[in-house]
Amino acid sequence: MCGIVGYIGHRKAYPIVLKGLQRLEYRGYDSAGIALYDGEQLKLSKTKGKVADLKEKLEDEISTDGSVGIGHTRWATHGVPNDVNSHPHYSNSGDLVIIHNGIIENYDTIKKELIKRGYQFHSDTDTEVLVNLIEDVQLKEGVKLGKAVQIALNQTVGAYAIAVFDKKKPDEIVVARLGSPLAIGVGEDEFFIASDASPFIEYTSSAIYLEDGEMAVVRRGKGIKIRKIANDSLVDPYIQKLQINLEQIEKNGYDHFMLKEIYEQPSAIVDTYRGRMLVDQGLIRMAGVDDNLTKFLNTKRIIIVACGTSWHAGLVAEYIFEDLARIPVEVEYASEFRYRNPVINQDDIVIAISQSGETADTMAAIKLAKEKGAFVFGVCNVVGSSISRETHAGAYTHAGPEIGVASTKAFTTQITVLSLIALKLAKEKGSISNSDFHLYLRELDLIPSKIEEALKSNEHITGVASEYKDASNFLYLGRGFNFPVALEGALKLKEISYIHAEGYPAAEMKHGPIALIDEMMPVVVIATRKGHYEKVISNIQEIKSRNGKIIGIVTEGDQEVRELADYVIEVPETVEAFTPLLTTIPLQLLSYHIALMLGKNVDQPRNLAKSVTVE
């Protein structure tokens, strides 16, 4: 959580840091702050609220001069969102200033010791404790900032990405990471610091991604030095060329990033299977699978670990792997997997799914699986992310940057990657016929154009949204491959409209949830012709007889559900395994329009952040 950004160089720092914070607001938006150094004074302004609130306050409070600056947009952990708890934080002397993403777990013990030494604290944050610990080390040990940061971090327990500035050393910023991402943009005698590359892509295409347990001193006129925090050993910097561009992180005429990303799904899915799925040749080529094919073919079990929307993609994958490749699959919440004593065998394959590639719970699950000797395969969207480096092999989704906090194109591209893997293994194992394999390839190749067809229902879905925007509760029902889509549809509505919603297997409705149904309860039923259609019709009859309001997601041309439902939303026909790629589209749009009509911030829903790098 939280977004950090910094600049040191020959340009004016303030506009770079401010714009960077605006691009990082998807990481947290409870409060924001900026510290600037103009060659004489270290100035700071911060406030509860969004970056727009900070801009108005800062430009009234302090001068925006200076070529050194750091900024922060917060997702609150320690201390409520208010002006005092906002970052950056000064040390007691006022010489040091810090921004921090993460949690210092032993902050209370350190704080008590520092209080005994005369330190005073003005906030409830663990971050203020860390900056004063660094200052205390400086004073006790008589060392420079970089060494003080290293010593202090070796005394802390937790996760962090930090940037620290000392006005006595005005030509350098010290940064470090453990468990939270940190990128350094490298320009001509200038450096950019950020949680991801989006704040600096118009200034440089060169970036260094710090590994866990590394720190760096970026120095104007002297280059960069990277060291291991634990043992002070030097690390050769590896400079990467960025693979994103400015257009990808702008709205491009859409009102919201979420809507843009919903409409990007056809092209994102094409980008995900391009070069991997060769329909004419009847081939699937995936280096991460090809290079480890024996492991995949010999495994007796696949364990999928993920959180949130990625967990729902894993549930879809469970149906696809078991149906096509005939491999048993277990889907686990990463947050639960890490805290129990799971049975993991050395011939198990663990697939870890994460949009950001930085999800803390999923990272911990990966480390546990590796310790137990399992082969770990990653599926993520962000090149160079922690999960892509920690796993034995993997596959990127190529969805492009996803800025909207409520995930959309990440979900469908994750399903696409997992479908390719399942199909490849099914072909290699002989668990599907050659003709069926070719049929699936052709159908997957048609999915982008069928999503474009489904998107044409947007105006109709807007009307449905206006009818039910004032409902207090929603129920989502699906069966088979579309049960996870019901869960995902309910999650989307909860995330951005704050309406309570639950997803259930349709057959489970009569085992409890049916008690909730009355004329005030909208029920979204996924009722495509492929997969248990007659059974779902029976479930719809049960809802109708109790005066529930029915919104049916149906296959084009369906008449039976249309006669029973209050509204139907059509999607094109495809094979059952790929129906989730289509049925999720109207549910994304329904949530979007309801939230918009209720005046909610669809891109930045309350209490949430895009990249969950803390527990």
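Visitor: Which residues touch the most other members in the largest nonpolar core?

Guide: Phe 321, Ile 351, Phe 377, Phe 474 and Tyr 476 do, in a core of 91 residues. A nonpolar core here is a set of buried Ala, Val, Leu, Ile, Met, Phe, Trp, Tyr and Cys residues joined through side-chain atoms within 4.5 Å; buried means under 20% relative accessible area, with a 1.4 Å probe and protein chains only. The model is predicted: local features need pLDDT of at least 70, side-chain atom pairs count only at pLDDT 80 or more, and totals for chains, interfaces and linings use all residues. Residues are numbered from 1 along each chain as its sequence is written, and side-chain values use heavy atoms, leaving out hydrogens and water.

Visitor: Which helix gives the largest share of this core?

Guide: Helix H14 (residues 409–429) does, with 10 residues. Helices are DSSP runs of H or I, at least four residues, numbered from the N terminus.

Visitor: What is Phe 321 in contact with?

Guide: Leaving aside neighbours within four places in sequence, its contacts (heavy atoms within 4.5 Å) include Ile 302, Arg 326, Ile 351, Leu 418 and Leu 425.

Visitor: Which residues does a second, separate core include?

Guide: That core has 28 residues, including Tyr 7, Tyr 26, Leu 36 and Leu 58.

Visitor: Changing topic, which residues of H4 meet H5?

Guide: Leu 130, Leu 133, Ile 134, Val 137, Gln 138 and Glu 141 in H4 do. Among their partners in H5 are Leu 145, Val 149 and Leu 153.

Notes. Buried < 20%, exposed > 50% of the residue type's maximum accessible area, 1.4 Å probe, protein only. Helix = DSSP H or I, 4+ residues; strand = E, 2+ residues; numbered from the N terminus.
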